[in-house]
Amino acid sequence: MPKTHRFGINYRSRLVTGACLLYGLLAGASTAIACEIPVFRYALERWEPDPYVALVLHEGPLDAEQQQAVDRLHSARQGRGGALNLEVRTIDVGQPLDEVDRMNLRGRE
């Protein structure tokens with residue numbers, strides 16, 4: 001004979017009923033809070049991407065051909081609506097490095 005509460009309710013059926021109600025509440029809450037726009041789509045459409053950083057390391061002044069290559073990278077970034085997501089930095093390793101250049105080179109050795 002199953003144990004019953006003083007009002008005649010079976011403990012097992014009460015437990016199953018409570019678990020079903022809890023599951024229904026949790027399942028209903030998760031669908032009610034869900035957003036219609038996926039997070040990745042929101043990010044792709046609204047967040048500005050960080051640029052890639054191209055470090056041009058040289059010792060002494062750049063010759064004409066090297067400077068022309070760096071200028072092409074700069075113009076590709078600025079031309080056609082900024083089609084190239086790239087920030088170009090030139091660093092003369094023959095000169096003392098400032099704080100920004102040291103931070104750029106850290107971890108890239």
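Guide: A quick word on terms before we look around. Surface patches are built from residues with over 30% relative accessible area and no salt bridge, joining like charges within 9 Å and nonpolar side chains (Val, Leu, Ile, Met, Phe, Trp, Tyr) within 5 Å. This is a predicted model, where local features need pLDDT of at least 70 and side-chain atom pairs need pLDDT 80 or more, while totals for chains, interfaces and linings use all residues. Residues are numbered from 1 along each chain as its sequence is written, and side-chain values use heavy atoms, leaving out hydrogens and water.

Visitor: OK, how much accessible area does the nonpolar patch on the surface have together?
Guide: The patch is formed by Ile37, Tyr42 and Trp47. Areas come from the Shrake-Rupley method with a 1.4 Å probe, and for residues only the protein chains shown count as cover. Together, the three come to about 340 Å².

Visitor: Where is Tyr42 placed?
Guide: Helices (H or I, at least four residues) and strands (E, at least two) are DSSP runs, numbered from the N terminus. Tyr42 falls in a helix that spans residues 39–46, namely α2.

Visitor: Is Tyr42 buried, exposed or in between, and what is the term for it?
Guide: Buried means under 20% relative accessible area, exposed means over 50%, and partly exposed is in between (1.4 Å probe, protein chains only). Tyr42 has 38% relative accessibility, so the term is partly exposed.

Visitor: Which class of aromatic pair do Tyr42 and Trp47 make?
Guide: The whole structure holds one aromatic pair. The Tyr42 and Trp47 rings have centres 6.4 Å apart and planes at 90 degrees. Rings of Phe, Tyr and Trp (its six-membered ring) pair with centres within 6.5 Å, and planes under 30 degrees apart are stacked, over 60 edge-to-face, the rest tilted. At 90 degrees, then, Tyr42 and Trp47 are edge-to-face.

Visitor: Which residues are linked in a network of salt bridges?
Guide: A salt bridge puts a side-chain nitrogen of Lys or Arg within 4 Å of a carboxyl oxygen of Asp or Glu. Arg41 pairs with Glu45, with the closest N and O atoms 3.9 Å apart, and both sit in helix α2, four residues apart, about one turn of the helix. Glu45 also meets Arg46 at 3.7 Å, N to O. The network therefore links Arg41, Glu45 and Arg46.

Visitor: How far apart are the closest N and O atoms of Arg89 and Glu87?
Guide: The structure has three salt bridges, by the way. Arg89 is partly exposed at 23%, and Glu87 is partly exposed at 25%. Their closest N and O atoms are apart by 2.7 Å.

Visitor: What does Ala54 touch, beyond residues up to four places away in sequence?
Guide: Contact means heavy atoms within 4.5 Å. Leaving out those sequence neighbours, Ala54 touches Leu86, Glu87, Val88 and Arg89.

Visitor: And is His58 buried or exposed?
Guide: His58 has its place in strand β1, and touches residues including Thr90, Ile91 and Asp92. At 15% relative accessibility, His58 counts as buried.
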